[in-house]
Amino acid sequence: MLDKLRLYVSAAPELRFERDVLARAVAEIPTSLGWTITQTPGSDHEPDLEAVTRADVHLLILGRDIQAPVGLEWAMARRAGNNVALFYKSSSLQTQAAQAFVREAAKFGRWQGFSDAFELRWRALRLLVDHILAHEARYEISAAEAETLRAWRKTLDAKAREKKAVDDRRGGAEESAVILTTERFIPSEGKLLQAKADGA
């Protein structure tokens, strides 16, 4: 049984806000699965190419320019036979290098445009929920959890039509992270903290 979904997010530092939004959004998905989220490192660090090749879902987000090591991450994922979901910020005027990368990557996948972080969040969450539901047996998703996910996805689509803004508070979530759930992961040490209900 796989208890964690391995997500890789390839995006340049210019997309810090979008990276943060995506990492925080993952925690909203009503699943018992944990998450390992690996993001493109800064220029002073090497990319985790093992995480690239082992990713269950790989998102590549392109803004104004293509910056190293995003191209390398994409090439390694392709070499490993992994599909990469391609997103580009349609409101950005792209450099010639970015335009060339778009043309090259289009030979292997379909680009999806997004106008802002809200639309990117919606598209990415739909893709992740669809991936989980398409691999229910692999992740040992119960029938009840699958039904919850399907209902949540419908709600997600309804909210998308309302076109609300994304909370712009920064939580430092643009870095790699691990998210665990109490349904599948019980700590062997320490105490489990739970939020108090309102008025408690």
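Which residues does Val-57 touch, not counting residues up to four places away in sequence? In this predicted model, local features need pLDDT of at least 70 and side-chain atom pairs count only at pLDDT 80 or more, while totals for chains, interfaces and linings use all residues. Residues are numbered from 1 along each chain as its sequence is written, and side-chain values use heavy atoms, with hydrogens and water left out.

Val-57 sits in strand S3 (strands are DSSP runs of E, at least two residues, and helices are runs of H or I, at least four, numbered from the N terminus). Its contacts, meaning heavy atoms within 4.5 Å, are Leu-5, Arg-6, Leu-7, Tyr-8, Leu-127, Leu-128 and His-131, once residues up to four places away in sequence are set aside. Val-57 counts as buried because its relative accessibility is 6%, where buried means under 20% relative accessible area with a 1.4 Å probe and protein chains only. From Val-57 to Ala-85 it is 28 residues in sequence and 7.9 Å in space, C-alpha to C-alpha.

Then there is Thr-40, in the loop between strand S2 (34-39) and helix H2 (49-54). With 3% relative accessibility, Thr-40 is buried too. Its side chain reaches the backbone nitrogen of Ala-11 at 3.0 Å. Ala-11 is also among the residues that Thr-40 touches, as are Tyr-8, Arg-19, Pro-69 and Glu-73, again not counting residues up to four places away in sequence.

Conventions:
Buried < 20%, exposed > 50% of the residue type's maximum accessible area, 1.4 Å probe, protein only. Polar contact = N/O pair within 3.5 Å; in protein donor to acceptor, adjacent residues only side chain to side chain.
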